[in-house]
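Hello,

Here is the structure I promised to send over. Have a look at it first, and then read on for what turned up.

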Amino acid sequence: MIGDIPPYAEDSKPLPNKSKAMSREDATSVYVTHRPLRLVYKLMENPTTGRVEPRLVYHIYYHDTPLYMVDALTGEWVRR
């Protein structure tokens, strides 16, 4: 919480207790259930050689658009 604005502060409710939050692993499991990762080959430019080469990646879909990927061999975060 950054600050209180007086009209809202009068009827404000306490923040949820962080100690009762689910673990990061459980939250990740829920996310992946609703937005599955897809293991695919993607033709991408290799920055060291400048050549287009196949890369094995996990697509992370957001609003049905694959914007982010994780290299399946190295775990490197790859932006499209």
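A residue is called buried here when its relative accessible area is under 20%, exposed when that value is over 50%, and partly exposed in between. Please keep in mind that this is a predicted model.

By that cut-off, Asp 71 counts as buried, because its relative accessible area is 8%. What does the side chain of Asp 71 meet in a salt bridge? The partner is Arg 55, with 2.6 Å from N to O. This pair links distant parts of the chain, since Asp 71 sits in strand 3 (residues 65–71) and Arg 55 in strand 2, 16 residues apart.

Arg 55 has another partner as well: its side chain meets that of Glu 76 in a salt bridge, at 2.8 Å from N to O. Arg 55 belongs to strand 2 and Glu 76 to the loop between strand 3 and strand 4 (77–79), so this pair ties together parts that are 21 residues apart in sequence. Glu 76 is partly exposed, because its relative accessible area of 43% falls between the two cut-offs. The structure holds 2 salt bridges, and Arg 55, Asp 71 and Glu 76 are linked in a network of them.

Now to the overall layout. The protein has 2 helices and 4 strands, and along the sequence they follow the pattern α-α-β-β-β-β. Of the 80 residues in the protein, 12% are buried. If you take the contacts between residues at least 6 apart in sequence, 14% of them join residues at least 24 apart.

Which residues make the nonpolar surface patch? They are Tyr 31, Val 32, Leu 37, Leu 39, Tyr 58, Tyr 62 and Leu 67, and the patch is about 610 Å². Helix 2 (24–34), strand 1 (37–45) and strand 2 (52–62) are the elements that give two or more residues to the patch.

Val 32 is one of the patch residues, and its place is in helix 2. Is Val 32 buried or partly exposed? Val 32 is partly exposed, because its relative accessible area is 32%, and patch residues need over 30%.

Best wishes

Conventions
Residues are numbered from 1 along each chain as its sequence is written. This is a predicted model: local features need pLDDT of at least 70, side-chain atom pairs count only at pLDDT 80 or more; totals for chains, interfaces and linings use all residues. Side-chain values use heavy atoms; hydrogens and water are left out. Patches are made of residues with over 30% relative accessible area and no salt bridge: like charges are joined within 9 Å, nonpolar side chains (Val, Leu, Ile, Met, Phe, Trp, Tyr) within 5 Å. Accessible areas come from the Shrake-Rupley method with a 1.4 Å probe; for residues, only the protein chains shown count as cover. A salt bridge is a side-chain nitrogen of Lys or Arg within 4 Å of a carboxyl oxygen of Asp or Glu. Buried means under 20% relative accessible area, exposed over 50%, partly exposed in between (1.4 Å probe, protein chains only). Contact means heavy atoms within 4.5 Å.
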